[in-house]
Amino acid sequence: AKSVVESICQHQEKILNLTSYDFPRKCLPDDILNEIWSTSLEAEKKFGGDEVEESTMKDEFDKYSKTSFCELDLDAILHSPLWVKFFQDQNQKLQPEV
């Protein structure tokens, strides 16, 4: 029997043709991200010396600000018609046959 996680991954990737990065997310507010960016850049310049490539660092930071610095938006996922149907179908599979 497949685990719930495997079923969710398969549904997301095979049925919806999406990746794990396509789930709705709740991310940090811009003001917090700006503070983190400023602090990171300052530290990198202080400890990294002249070798700091700010544009490359900013690109990486922007990528993380939309992925690693976020959490899944479970409310949006669980209220999405695609996922409501998926979980209803999964629930049906778990019901004992009468």
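1. Helix 1, helix 4 (74–79) and helix 5 each give at least two residues to the lining of the second largest pocket. Helices here are DSSP runs (H or I, at least four residues), numbered from the N terminus. A pocket is an open set of points on a 1 Å grid over the protein atoms alone, where a 1.4 Å probe fits, with protein on both sides within 12 Å along at least five of seven lines; lining residues have an atom within 4 Å of a point.

2. Before you read on, please keep in mind that this is a predicted model: local features need pLDDT of at least 70, side-chain atom pairs count only at pLDDT 80 or more, and totals for chains, interfaces and linings use all residues. Residues are numbered from 1 along each chain as its sequence is written, and side-chain values use heavy atoms, with hydrogens and water left out.

3. Which residues line the second largest pocket? They are V5, I8, C9, F23, L72, L74, I77, L78, W83 and F87. By class, that lining has ten nonpolar, no polar and no charged residues; Ala, Val, Leu, Ile, Met, Phe, Trp, Tyr, Cys and Pro count as nonpolar, Asp, Glu, Lys and Arg as charged, and the others, Gly among them, as polar. The space in this pocket is about 150 Å³, a volume being the space filled by probe spheres set on the points, which are joined across faces, edges and corners.

4. The largest pocket holds about 300 Å³ of space. Its lining is made up of K2, V4, S7, I8, Q10, H11, I15, F86, F87, Q90, K93 and L94. Helix 1 (4–15) and helix 5 (81–94) are the elements that give two or more residues to this lining, and helix 1 has the largest share, with six. The lining divides into six nonpolar, four polar and two charged residues.

5. Now for the pairing of helix 1 with helix 5. Their axes come within 12 Å and cross at roughly 140°; axes are lines fitted to C-alpha atoms over the stretch in contact, and angles run from 0 to 180 degrees between N-to-C directions. Contact (heavy atoms within 4.5 Å) joins S7, I8, H11 and Q12 in helix 1 to L82, W83, F86, F87 and Q90 in helix 5. The residues of this contact are five nonpolar, four polar and no charged.

6. Helix 2 (residues 30–48) and helix 3 (residues 54–65) have axes that come within 11 Å and cross at roughly 145°. In this contact, L33, I36, W37, S40, L41, E44 and K45 of helix 2 meet E54, M57, K58, F61 and S65 of helix 3.
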